[in-house]
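Subject: Structure handover

Hi,

Have a look at it first, then read on.

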Amino acid sequence: MTLLEDAPVTEADESRDPGGHRARRKLVVVGNGMAGARAVEEILQRGGGEQFSITMFGDEPYGNYNRIMLSHVLSGEETDADIFLNSLPWYRENDITLHAGVRATRIDRFSKLVYAVNSADGTTSHTPYDVLIIATGSRSFMPSIEGLRTDDGELLPGVFAFRTIDDTRGMVTYAQHEDHRRAVVIGGGLLGLEAARGLQAYGLQVDVVHAGAHLMNAQIGPAGGEILRKSVQKLGIEVHTKARTTAVMGEDKVRGVWLLDHPLLECDMVVLAAGIRPNIDLAVTSGFTVERAIVVDDYMRTMDDPDVYAVGECVQHRGEVYGLVAPLWEQAVVLADQVTGTDTTAAYFGSRTATKLKVAGVDVASMGVPGPERDTDEHIVFSEPRRGIYKSLVIRDEKLIGATMLGDTSKVAFLMQAFDRGLPLPEERLEMLFNLGTPAEEVGAAELADDAQVCNCNGVSKEALVACVESGVKSVAGVMDKTRAGKGCGSCKTMVCQIVDWAAGGAVQEDPSANWYVPGVPLDKPELMAAIREKGLRSVSAVFAALAPDGAEDAKSKMGLASLLEMMWADEYIDEKDARFINDRVHANIQKDGTFSVVPQMKGGVTTPAQLRKIADVAEKWDVPMVKLTGGQRIDLLGVKKEDLPGVWADLGMPSGYAYGKSFRTVKTCVGSEFCRFGVGDSTSLGIRLETRFQGLESPAKMKLAVTGCPRNCAEAYVKDVGVVAIDGGRWEIYIGGAAGAHIRKGDLLATVDDPDLVVKLTGRFMQWYRENAKWLERTYAFVPRMGIEYVRDVIVEDSLGIADELDARMQASIDNYVDPWLEGAAPATPGQFRTSLPLEVLPRVPVR
């Protein structure tokens, strides 16, 4: 991100312009966060750009970004570039002077000046205003904990707040260090749980320490909090409630934390997510009325000066301070109406807060009060702890005043409308929890009221989405960019898509980026492959440098590019370990607790007594917690520690079964004609032959195969990526594009042949064509229908494009390049490849004074 230079501050020209009109008044906004930027957007929409010359101050040296998405950046689901709402060019395009990285230190209300200091060089400045908006937001609450800071007042290395994009970048860098194995998150609210889940992506063991009696105690009651705790612990996150942190241990960096009434928790990293506090220092210093936050009236004006407004998390209105986004948007609308004079009767009377989101992978919805407050309140509860489901309704005077949903949020659309609008409630209260008569779980786009709020994070209504479509924006991505619907937690994206499709009459335009193979390189797959071949790009970093905008690397694109390059270049591919997901780096499937599963290869599902004895011996020697049969006719050793992987592989002496990557996985077989009374073909031998030939092939998505010895289909060949079925007369049917997981689809018949050699050839040819033409993560059950089975048959069987020999040759090159990845156990690719992810040493327990 480039820094917008801090423009020199000069007195505005108060003379009249050539047209005889008075020069624009000076509007200064202190704060460039979500509330301040949204207020300016609302002002611009009301013609404020013609009324005011606008100057903004922001502590951070960036444009405006979505703080809600920082947890997604931490987990690697998004990059920091993805979450910017207003990049620096937006300010220039709207004639806004942005002082990025400049902190306002004092407001002189009598001279109408804002004094500021540049964080980079310490230079000071003063800026005049006619109208001022304070939008200083909030900061992370930093509890008074011994050892939290060094002698010079800086946070101890390894201690992080979780509030800004720089905080998040620092956490990612620190978590990726090979010697860092365990983290403690202080705070069990929404932000703390999201931080804990995000840190797990780096292989860290995470403990959540929460002073409250239950998790998310500000949003949900004790019963729901207990079920949430169990759901979070199933993810491998340890939870400590009623636990107060008394000290952070470590002289030069974090070594652990002490808890009151609890032993020392060893850790390498501490994240503080114990809530937020309004940023009120500027207002206090400048003499404004401040209680918990800056006190404002219903017009968003401060109590002390009619020309000074305040908005956002730094505001106290009618005794309430809001920390959710939706109230901030409502405040910004009223403020803009008042500042521009568009509607001087506009007033803010407070917000009814409701939210629906995922917390550490668990669906959560909360609105209103978490539990009954009066003896006359109705309280309806459904609890199913085993499934992690909890539902609670609070009803007063036949109105819904509170609801909590955990694990199952299917009725939230109806409940939010009932909560927001005071809709009549059904006599049978269970209809509000289950689909017994009230509207279906997804209220249809046509039935949804025009003013119904679709995106709670950004305050976008159905009416706004429809208006955007009617203005000419016909793609879902375009509508989301224009309105910001779906740009927060993302839980409303499905409804946004439905509304756009409904408003466009089914004529939704496709977003060009939807065809890009990976999000960080603006090329579809054929264009990308052509450019890679033309430029001879053999590594992921080389592709970014040559083809990505500004050469920027994109974390979400690395895995797809690595797979593509290995498929294209075979032994000429340059492998860069930072381009690989953890599964591909250590050749095992990471589990929720940070351990791994090991699945050795058993070709065609066939094994021997010697292999079984060896597997049993290995499981006992390495104390493997679970040994399980898989659906692909393999044996899975679950719970293997990262540092134990090389030893387990060596003792097994068996090749990898590739049960962890986007690659060729297995060939499932039945016993075929060798033992079965109904078998008409030797499915076992053919399955072993296929798996031997194609083992470990890189692919856009995983590929599962099966060979069955007769149409009774005991090996489930009809629902595999490639399935081969023996039929009478020594013939074989080849099916492609089947599925039997989250999607169910019978495969399409590609060909019927009478030669097993031809089965092998056509299978390889189809898989190579799929590898070269499928989108990243597109399974064959989506690829085959997209291409059309007739066209696939023409290309693969009839060779209508004249590329059969080339496909066969490229497949052979990949086969020739096969190396068992478990051999890296003896010669690691990097020194820390199999370094422990879990703490091995008990650190000394130093008593706290």
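Let's start with a helix pair. Helix H18 (residues 609–621) and helix H19 (residues 645–652) pack at about 155°, and their axes are 9 Å apart. That makes H18 roughly antiparallel to H19. For the terms: helices (H or I, at least four residues) and strands (E, at least two) are DSSP runs, numbered from the N terminus. Axes are lines fitted to C-alpha atoms, for helices over the stretch in contact, and angles run from 0 to 180 degrees between N-to-C directions. Angles under 35 degrees count as roughly parallel, over 145 as roughly antiparallel, 65 to 115 as roughly perpendicular and the rest as oblique.

The crossing of H18 past H19 is right-handed; a crossing gets that name if the near helix is turned clockwise from the far one by less than a right angle, and left-handed if anticlockwise. On the H18 side, Lys614, Ile615, Val618 and Lys621 meet Val648, Asp651 and Leu652 of H19 (contact means heavy atoms within 4.5 Å).

Before going further, a word on what you're looking at: this is a predicted model, where local features need pLDDT of at least 70 and side-chain atom pairs count only at pLDDT 80 or more, while totals for chains, interfaces and linings use all residues. Residues are numbered from 1 along each chain as its sequence is written, and side-chain values use heavy atoms, with hydrogens and water left out.

As for the overall layout, the protein is divided into domain 1 (3–138 + 279–340), domain 2 (159–274), domain 3 (354–435), domain 4 (454–510), domain 5 (514–580) and domain 6 (663–819). Those bounds come from an automatic or database domain assignment. Between the C-alpha centres of domain 3 and domain 6 there are 49 Å.

Which residues of helix H12 (residues 476–483) are buried? They are Val476, Val479, Met480 and Thr483, where buried means under 20% relative accessible area, exposed over 50% and partly exposed in between (1.4 Å probe, protein chains only). These four sit on the same side of H12 because they cover an arc of only 100° around the axis; the arc is that of the directions from the helix axis to the C-beta atoms. Asp481 and Lys482 are exposed, on the face of H12 turned away from its buried side. The cover over the buried residues of H12 includes strand E29 (460–461), helix H11 (462–470) and helix H13 (493–503). After H12 comes Arg484, with a positive phi near 70°.

H11 has its own buried set: Lys462, Leu465, Val466, Cys468 and Val469. Their arc around the axis is only 160°, which puts them on the same side of H11. They pack against strand E28 (453–455), E29, H12 and H13. Gly472 follows H11 and has a positive phi, near 120°.

H11 also pairs with H13, at an angle of about 45° and with axes 9 Å apart, and the two are therefore oblique to each other. H11 passes H13 in a right-handed crossing. Here Lys462, Leu465, Val466 and Val469 of H11 meet Val496, Ile499, Val500, Trp502 and Ala503 of H13.

One more pair: helix H15 (residues 540–547) and helix H16 (residues 555–569) pack at about 110°, with axes 9 Å apart. They are therefore roughly perpendicular to each other. Val540, Val543 and Phe544 in H15 meet Ser557, Lys558, Leu561, Ala562 and Leu565 in H16.

Finally, some single residues:

- Ala570 lies in the loop between H16 and helix H17 (582–586). Its phi is near 50°, a positive value in a residue other than glycine, and at 9% relative accessibility Ala570 counts as buried.
- Tyr658 is in the loop between H19 and strand E34 (664–669). Tyr658 is not a glycine, yet has a positive phi of about 55°; at 7% relative accessibility, Tyr658 counts as buried.
- Asp794 belongs to helix H24 (residues 789–796) and, at 34% relative accessibility, counts as partly exposed. Leaving aside residues up to four places away in sequence, Asp794 touches Asp799 and Ser800.

Cheers
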